[in-house]
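Have a look at the model first, then read on.

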Amino acid sequence: MRSDVATLPGSPERPNEDWAAAALPASGGGGTVVLLDGVTPPAGDDGCVHTVPWFTARLGGALTELSASRPDMPLFEILSVAIRRTADAHRDTCDLSHVRTPQATVVLARWDEASVEHLVLSDSALLLEAPDGSVRAVLDDRLDRVPDEVLRSLAATDRLRNREGGFFTAAADPSVAARAVTGTTPRAEVRALAALTDGASRWVELFGAGDWAECFGIVRAEGPSGLLRRVRALEAADAEAGGVRRWKLHDDATAVYAEL
């Protein structure tokens, strides 16, 4: 296994809310990748005394430990246990029923000699590269189905957050793990993978600079940092041209690459 990780904050005035890890289990013969994109809450009360980075570090740490040490547990169960463990760490001090309680998107990938398991929840992306160079994107597109005019309203967005007919993130309810996009691919059909937060996947999804296979090619050739540099260059050029295709000029951007 060879892995590479790069991340850039969206703003120097705010902490980076993304979280990523790659681990090789002590038994060898496999590995795991964890990627979280913390959801930046709007100004105002979210019922929690903790920051989003506190939440993503707690959840990410639990996901990494469990996915690397418990091969007997499927990924959705690992996510459920990690959410419950994180919620237990602050349920005595915070209102976990608040719709904006700290939350995050999730990408999990785990492999052994036989198979590659995956889990995606919300709008981060997982790319699987086959030995022939073809690339398959694993996406949870439920947030993309929400009209932009709805997302411009905080109240309307809150009504769809972790609700049937809306979109789901990892927050305080362990049952949300059953809503994740999951699957298994034979190990022989995957030679490498990449996990991208939506700040990194802008290269494809916002700017349309190329398709997922071309995006993966950049990550393979230039590393995750190369993709992030390209995203920042596109954002800067769009801003100079007066573009309005994004909610904010820059977002926290993180990419993980692993050769299996």
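Helix α2 (residues 75-88) lies across β4 and β5, and it runs at about 45° to β5. Contact here means heavy atoms within 4.5 Å. Angles run from 0 to 180 degrees between N-to-C directions, with axes as lines fitted to C-alpha atoms, for helices over the stretch in contact. Helices (H or I, at least four residues) and strands (E, at least two) are DSSP runs, numbered from the N terminus.

This is a predicted model, where local features need pLDDT of at least 70, side-chain atom pairs count only at pLDDT 80 or more, and totals for chains, interfaces and linings use all residues. Residues are numbered from 1 along each chain as its sequence is written, and side-chain values use heavy atoms, with hydrogens and water left out.

**The sheet with β4 and β5**

- The strand order is β2-β3-β4-β5-β8 in an open sheet of 5 strands, with antiparallel pairing; two strands pair if DSSP finds at least two bridges between them.
- At the edges stand β2 (18-23) and β8 (181-186), each with a single partner strand, so one side of each has no neighbour in the sheet.
- On average, neighbouring strands of this sheet are turned by 5° against each other, direction ignored.
- Strand β5 (residues 115-121) is joined to β8 by 6 bridges, and the two run antiparallel.
- Along that pairing, Val116 stands opposite Thr185 in β8.
- Helix α1 (residues 52-69) lies across β2, β3 (31-38) and β4 (104-111), running at about 165° to β3.

**The sheet with β6 and β7**

- Another open sheet has 5 strands in the order β1-β10-β9-β6-β7, again with antiparallel pairing.
- Its edge strands are β1 (2-8) and β7, each with a single partner strand, so one side of each is left without a neighbour in the sheet.
- Strand β6 (residues 125-129) and strand β7 (residues 135-139) pair in the antiparallel sense over 5 bridges.
- β6 and β7 form a hairpin with 5 residues between them, and Gly133 in the turn has a positive phi of about 90°.
- Helix α6 (residues 212-240) lies across β1, β6, β7, β9 (192-196) and β10 (253-259), running at about 140° to β10.

- Ser122 sits in the loop between β5 and β6, and its phi is near 75°, a positive value in a residue other than glycine.
- With a relative accessible area of 3%, Ser122 is buried (buried means under 20% relative accessible area, exposed over 50%, partly exposed in between, with a 1.4 Å probe and protein chains only).
- Asn162 is in the loop between α4 and β8; its phi is near 55°, also positive in a residue other than glycine.
- Asn162 is partly exposed, with a relative accessible area of 22%.
- Ala177 is placed in the loop between α4 (154-160) and β8, and counts as buried at 2% relative accessibility.
- Leaving out residues up to four places away in sequence, Ala177 touches Phe76, Leu79 and Ser80.
- Ala177 and Thr86 are 91 residues apart in sequence and 14 Å apart in space, C-alpha to C-alpha.

**Cavity and pocket**

- On a 1 Å grid over the protein atoms alone, a cavity is a set of points where a 1.4 Å probe fits but cannot get out, while a pocket is an open set with protein on both sides within 12 Å along at least five of seven lines; lining residues have an atom within 4 Å of a point.
- Grid points are joined across faces, edges and corners, and a volume is the space filled by probe spheres set on the points.
- Searching the whole structure turns up 1 cavity of 30 Å³ or more, and the largest cavity has a volume of about 40 Å³.
- The largest cavity is lined by Ser122, Asp123, Ser124, Leu139, Asp140, Asp141, Asp144 and Glu205.
- By class, that lining has 1 nonpolar, 2 polar and 5 charged residues (Ala, Val, Leu, Ile, Met, Phe, Trp, Tyr, Cys and Pro count as nonpolar, Asp, Glu, Lys and Arg as charged, and the others, Gly among them, as polar).
- The second largest pocket has a volume of about 230 Å³.
- Of the 17 residues lining the second largest pocket, Arg161, Asn162, Arg163, Ala171 and Asp173 lie nearest its centre.
- The lining of the second largest pocket divides into 6 nonpolar, 7 polar and 4 charged residues.
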